[in-house]
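Colleague: I am new to this structure and would be grateful for a close look at one part of it. Please take me through the pocket lining step by step.

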Amino acid sequence: MSYTKYMREANLVGGDWIAADSGKTIDVTNPATGDVIGTVPNSGRAETERAIAAAEAAFEGLASMPLLERVGLLHKLHDALMDNQATLAELLTVEQGKPLFEAKGEIAIGAAYVRWFAEEVRRAKGEIVPAPGKNRQIMVTKHPIGVVGMITPWNFPSSMLARKVGPALAAGCTVVAKPATATPYSGLAWGALCEEVGFPSGSVNILTGSAREIGGAIMDSPVVRKLTFTGSTEVGKELIRQSADTVKKVSMELGGNAPFLVFDDADVDAAVQGAIVSKYRNAGQTCVCANRMYVQAGVYDQFVGKLKAATAAMKVGDGLEDGVEQGPMIDMESLEKVEELLGDATSKGAQVVLGGGRHPKGLTFFEPTIVTGATQDMRVSKEEIFGPLAPVFKFEDEDEAIAWANDTDFGLCSYAYTRDIGRIMKLNEKLQYGMIGINSGLITTVEAPFGGVKESGLGKEGGSQGLEDYLDTKYTAVDF
Ligand code: ADP
């Protein structure tokens with residue numbers, strides 16, 4: 001089958017594709033069928049230490065490569081991703097479950113990140129600052145930070161690496177990456193592609209296996225100068241603690257709990273369309289998924305009716321099948337968490353208006369579900385759902401909605417539908433979120449800084465800020 005073209009059942013360390021030292025492997029399963037697709041090495045600390053040494057050895061060469069040569073390699077990488085979009089998307093769907101059209105989109109945005117950083121690094125300017133006295137020049141220059149450790153999740157196994165590998169290589173940093181165990185092939189494919197387009201051996205190293213061992217070796221190493229992590233807030237906090245011993249720079253893209261506000265003056269049809277994209281994309285398993293829908297009393301019934309009709313029309317199934325809009329969830333644990341949150345909401349008075357349980361397709365398929373009458377005392381108001389469950393809350397006035405929206409430890413993404421420019425400006429001031437979508441349910445783009453505030457993270461991915469995170473700023477005083 002075509003999806004095997006970049007499917008590597010080995011780890012990339014210093015230019016060699018290797019098995020785990022122990023010879024142990026881990027099965028990788030297609031969540032839509034339950035079938036084992038293949039295996040990957042169960043690597044640990046020793047393999048990771050060799051990968052770090054390889055990245056260290058490759059660093060000088062990559063950092064001092066003529067800039068246009070490095071930029072040229074990145075453009076080739078972009079083209080290789082797009083030339084192989086179909087096969088990479090299929091591999092992604094087979095291991096992760098999302099519909100094929102979403103997987104194609106993920107490969108495309110990953111390629112776009114690589115191109116963006118290839119362009120952006122040509123403008124990684126320093127500055128000359130006027131000195132206070134005579135005969136001194138103050139130079140501020142930018143330098144690659146060194147070897148970068150990367151730990152990525154299963155929900156966007158390709159594009160989460162793109163946002164890290166792209167700026168790292170553009171800056172001249174070398175990479176030691178650990179993709180999530182559930183979805184390792186989309187990550188390993190980055191190694192195969194980087195190798196194919198001509199990045200020097202050791203520039204990109206990719207390991208699969210024990211998170212604690214691989215993560216531990218990365219965190220303990222003084223050679224690794226930065227860790228970039230996307231995943232849960234719980235693990236992120238642990239990694240921040242671990243980073244203290246070697247004073248690593250950290251970038252953290254952690255959990256979210258996005259509020260989705262619909263005001264009385266909203267275009268309700270547009271809001272429903274935005275809600276569908278924002279809620280059910282990747283079966284609700286994105287950190288920017290609408291977690292809580294707050295709808296103003298005047299349009300509440302209309303919004304719920306239209307959301308129900310649009311959601312009921314969604315086709316659930318194997319992501320490889322034509323027309324499927326929602327695939328399976330990643331695993332049983334995730335599905336049970338959704339059931340638990342749903343049970344909590346209904347026990348406190350929420351009403352199920354659509355779906356409400358496991359899908360007849362079995363495995364980890366879950367029905368697209370809507371509950372109304374949600375309230376702030378329910379767990380769905382505080383916890384990330386990460387599944388296809390949409391709780392709808394009713395609110396009366398703007399200040400109440402903003403207060404509820406901010407009543408969470410998270411601060412990643414928020415959404416609001418309104419046509420009142422004054423209110424839009426107020427939302428920009430008051431919503432405690434790193435990202436705000438006004439009249440849109442889908443705002444991720446390579447040109448803008450993606451990232452959260454509060455316990456949703458540190459640092460930005462994308463935009464000019466996304467490159468800055470891979471550069472050290474150096475100040476040199478020159479007296480003459
Ligand atoms: P998710 O729920 O999105 O999988 P996790 O935070 O559990 O979020 O996992 C994200 C990534 O972090 C995965 O690659 C996982 O293997 C890795 N990971 C989990 N626990 C640790 C740990 N203690 N140290 C390092 N990496 C970890």
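How many nonpolar, polar and charged residues does the lining of the largest pocket have?

Modeller: Please note at the outset that this is a predicted model. By class, the lining of the largest pocket comprises 14 nonpolar, 12 polar and 10 charged residues. The space within this pocket amounts to about 1,300 Å³. Its lining is made up of 36 residues, and those closest to the pocket centre are Trp 154, Gly 231, Ser 232, Glu 234 and Val 235.

The volume of the second largest pocket is about 330 Å³. Here the lining consists of 18 residues, and Ile 109, Phe 156, Arg 281, Leu 442 and Thr 444 are the closest to the centre. At least two lining residues come from each of helix H4 (100-120) and helix H5 (159-171). The most are given by H4, which provides 6 residues. Ile 109, one of the residues closest to the centre, lies within the range of helix H4, 100-120. By class, the lining of the second largest pocket has 9 nonpolar, 4 polar and 5 charged residues.

Technical notes. Residues are numbered from 1 along each chain as its sequence is written. This is a predicted model: local features need pLDDT of at least 70, side-chain atom pairs count only at pLDDT 80 or more; totals for chains, interfaces and linings use all residues. Side-chain values use heavy atoms; hydrogens and water are left out. On a 1 Å grid over the protein atoms alone, a cavity is a set of points where a 1.4 Å probe fits but cannot get out, and a pocket is an open set with protein on both sides within 12 Å along at least five of seven lines; lining residues have an atom within 4 Å of a point. Grid points are joined across faces, edges and corners, and a volume is the space filled by probe spheres set on the points. Ala, Val, Leu, Ile, Met, Phe, Trp, Tyr, Cys and Pro count as nonpolar, Asp, Glu, Lys and Arg as charged, and the others, Gly among them, as polar. Helices (H or I, at least four residues) and strands (E, at least two) are DSSP runs, numbered from the N terminus.
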